[in-house]
Amino acid sequence: MAILTKDNVSSLSARISRTLIGKPHRRDEMIAFLKNHFRYDTMNSWNLSTSYAANVKLYKLDWPSNDLEARAYDFLDIEEAYFGIKRLFSAFAKSHDYRWQANFNGRSSGYIVLYQGKCEATDYKTRCDLCGTLTWYATEQACKVRGCNGTLLLLEEPAYQISVLLGKSTDENEDFAEWDDYDLGQRIGLVWEFDELIRACEKEYITFVTNHAVVEKGVMVPRTIRIAEPVVKRGLAHSITKP
Ligand SMILES: [Zn+2]
């Protein structure tokens, strides 16, 4: 029988509440949902800015079996295991015009946080067709990056820059009682969608671990090493080689 610790009791109750209660519609339910939602730092704890978040440490996920959960630790440093999640993050951000974005935070990326962000048109004029560097040169010419043989080509449409407002908190100490019904409903929609994203990420990761095995592969990596060689003194070398 599983031992119920404080952590897994709260995770269990969170799971039950999200399956039984459903999306809140009454005003008091909406306010309670937003006020009680799990939050985490957007940067560091000393930065004091927090936002809606989810604890996604492996033991918090809804693993179909203990074996699978144990196997999951092998995947923590496997980059491919996160490609699906990154795709889900991108789709979420895009659907919110990048004003809302989800990303990992915390030591060992144990949390997913809802960030504010933006996507702005830049005034770059050209982009290198080889290294991708954006520049303000207004005519097509050779790339200026050292060692790059590419050409700066004129951009056909503006280049956009996507950024995350890391230090910006969301609804920190917010008095939701002062919000009108429309704004409250909008915020519920956003946070509910964020929670659904978390569940999709959880499912994605569990599916990945189920369908993959970690294998170790030796790869040839050229590297420069430093070694110590005995100094051969000219006179000595001469005397040795002399017949
Ligand atoms: Zn270049």
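Modeller: Happy to; we will take the overall make-up, a sheet and a helix pair in turn. This is a predicted model, where local features need pLDDT of at least 70, side-chain atom pairs count only at pLDDT 80 or more, and totals for chains, interfaces and linings use all residues. Residues are numbered from 1 along each chain as its sequence is written.

Colleague: How many helices and strands does the protein have?

Modeller: Helices (H or I, at least four residues) and strands (E, at least two) are DSSP runs, numbered from the N terminus. Here the protein has six helices and nine strands.

Colleague: In what order do the strands of the open sheet lie?

Modeller: Two strands pair if DSSP finds at least two bridges between them. The open sheet has four strands, ordered β6-β5-β8-β7, and its pairing is antiparallel. Because β6 (134-135) and β7 (141-142) each have a single partner strand, they stand at the edges, with one side left without a neighbour in the sheet. Strand β5 (residues 126-128) is joined to β6 by two bridges, and arginine 127 has leucine 134 in β6 as its bridge partner.

Colleague: How do the axes of α4 and α5 cross?

Modeller: Axes are lines fitted to C-alpha atoms, for helices over the stretch in contact, and angles run from 0 to 180 degrees between N-to-C directions. Helix α4 (residues 83-95) and helix α5 (residues 181-211) have axes that come within 9 Å and cross at roughly 160°. That makes α4 roughly antiparallel to α5 (the term covers angles over 145 degrees).

Notes: Angles under 35 degrees count as roughly parallel, over 145 as roughly antiparallel, 65 to 115 as roughly perpendicular and the rest as oblique.
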